[in-house]
Amino acid sequence: MKVWLYYRLSRDEDEELNSLNNQRKIIYNFAVSNGHQVVGESFDDNVSGMHFNREGIDKIYEVVEAGKIEAIIVKDLSRLGRNYAETGRYLEQIFPRMGIRFVAVNDQYDSAKNTDTVQQMAVFKNVFNDFYAADASAKVRTSLGILKRQGKFLGRQAPYGYRIDPADKYHLLPDEETAPVVRRIFRLFLGGSSRTAIAKQLKKFLPRRHRRA
């Protein structure tokens with residue numbers, strides 16, 4: 001059977017337990033040991049399972065429509081998704097309509113030969129996966145709220161004029177190269193210069209590499 005491997009990791013999960021590399025090993029070994037032909041694979045890193053707008057899923061659609069695969073293999077049902085309604089729609093409607101077999105190794109789920117018990121357990125697992133995602137999301141929001149109240153920096157990229165402290169990702173330090181530009185803008189604004197006037201002065205003052213279109 002021609003199979004496609006899919007694996008996913010979101011930011012709030014245990015990376016050691018569910019690392020992309022570990023997931024791939026599990027499903028690749030399963031495919032090979034069962035005599036399947038691995039046609040290709042796709043994955044989504046640092047992506048929530050609560051939505052299906054993912055590059056890895058889009059790639060699956062491409063190969064399915066091209067008639068290149070017969071089945072999809074994942075580590076467990078939560079890798080496909082954690083949204084109960086959407087995951088169920090894929091398992092019960094989309095994949096069957098496409099004629100695609102779906103296998104979740106650790107959950108012992110195989111759409112081609114599931115018993116009623118396995119099918120019922122899959123429903124419960126999808127519900128639990130949805131609850132897990134909602135609980136994790138609530139915890140993340142609470143943690144972020146606490147950090148915001150403490151005045152911590154939460155961005156991935158420091159604003160112009162600053163750099164992220166190497167010793168503390170939640171703390172900003174002045175950037176020695178660009179901070180003088182920010183100070184100059186501040187002085188000009190306090191001095192009554194308009195934004196247009198400030199922009200004109202900066203074009204003369206700034207080195208070309210600091211100019212923005």
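User: Why is Asn46 called partly exposed in this predicted model?

Analyst: In this predicted model, the relative accessibility of Asn46 is 34%, and since buried means under 20% and exposed over 50%, with partly exposed in between, Asn46 counts as partly exposed. Asn46 belongs to the loop between strand 2 and helix 3, and its phi is near 60 degrees, a positive value in a residue other than glycine.

User: Gln108 also has a positive phi although it is not a glycine; what makes Gln108 exposed?

Analyst: The relative accessible area of Gln108 is 67%, and because exposed means over 50%, Gln108 is exposed. Its phi is about 55 degrees, and its place is in the loop between strand 4 and strand 5.

User: What makes the buried residues of helix 2 lie on the same side of it?

Analyst: The buried residues in helix 2 are Leu20, Gln23, Ile27 and Ala31, and they cover an arc of only 65 degrees around the axis, which puts them on the same side of helix 2. An α-helix has 3.6 residues a turn, so residues three or four places apart point the same way. Helix 2 itself, residues 20-33, spans 20 Å from its first C-alpha to its last, close to the 20 Å expected for its 14 residues at 1.5 Å a residue. Just after helix 2, Gly35 takes a positive phi of about 75 degrees.

User: How do you know that the buried residues of helix 3 line one face, and what covers them?

Analyst: In helix 3 the buried residues are Gly56, Ile57, Ile60, Val63 and Val64, and, seen down the axis, they fall within an arc of 120 degrees, so they line one face of the helix. On the other side of helix 3, Glu55 and Glu65 are exposed. The cover over the buried residues includes strand 1, strand 2 (37-45), strand 3, helix 4 and helix 5.

User: Which residues touch the most other members of the largest nonpolar core, and which elements supply at least two residues of this core?

Analyst: Ile72, Leu80, Phe95 and Phe102 touch the most other members among the 20 residues of that core. At least two residues each come from strand 1 (2-9), helix 3 (55-65), strand 3 (71-74), helix 4 (77-80), helix 5 (84-98) and strand 4 (101-104). Leaving out residues up to four places away in sequence, Leu80 touches Tyr6, Phe52, Arg54, Ile57, Thr87, Tyr90, Leu91, Phe95 and Phe102. A second, separate core has 11 residues, including Leu5, Tyr7, Ala71 and Val103.

User: How many aromatic pairs does a search of the whole structure find, and why is the pair of Phe95 and Phe102 called stacked?

Analyst: The search finds 6 aromatic pairs. The ring centres of Phe95 and Phe102 are 5.4 Å apart, and because their planes stand at 15 degrees, the pair is stacked, the cut-off for that class being under 30 degrees. Phe95, at 5% relative accessibility, counts as buried, and Phe102 is buried with a relative accessible area of 1%.

User: Why is the pair of Phe102 and Tyr109 called edge-to-face?

Analyst: The planes of these two rings are at 65 degrees and their centres are 6.1 Å apart, so the pair is edge-to-face, a class that needs planes over 60 degrees apart and centres within 6.5 Å. Tyr109 is buried, its relative accessible area being 2%. Ring pairs link Phe102 and Tyr109 into a cluster with Phe52, Tyr61, Tyr90 and Phe95.

User: What makes the charged end of Arg54 count as sitting over the ring of Phe52, and where does the charged end of Arg24 sit?

Analyst: The charged end of Arg54 is 4.6 Å from the centre of the Phe52 ring and sits over that ring, a description that requires a distance within 6 Å together with a direction within 35 degrees of the ring normal. The charged end of Arg24 sits over the ring of Tyr28, at 5.1 Å from its centre.

Key
Residues are numbered from 1 along each chain as its sequence is written. This is a predicted model: local features need pLDDT of at least 70, side-chain atom pairs count only at pLDDT 80 or more; totals for chains, interfaces and linings use all residues. Side-chain values use heavy atoms; hydrogens and water are left out. Helices (H or I, at least four residues) and strands (E, at least two) are DSSP runs, numbered from the N terminus. The expected span of a helix is 1.5 Å times one less than its number of residues. Buried means under 20% relative accessible area, exposed over 50%, partly exposed in between (1.4 Å probe, protein chains only). The arc is that of the directions from the helix axis to the C-beta atoms. A nonpolar core is a set of buried Ala, Val, Leu, Ile, Met, Phe, Trp, Tyr and Cys residues joined through side-chain atoms within 4.5 Å. Contact means heavy atoms within 4.5 Å.
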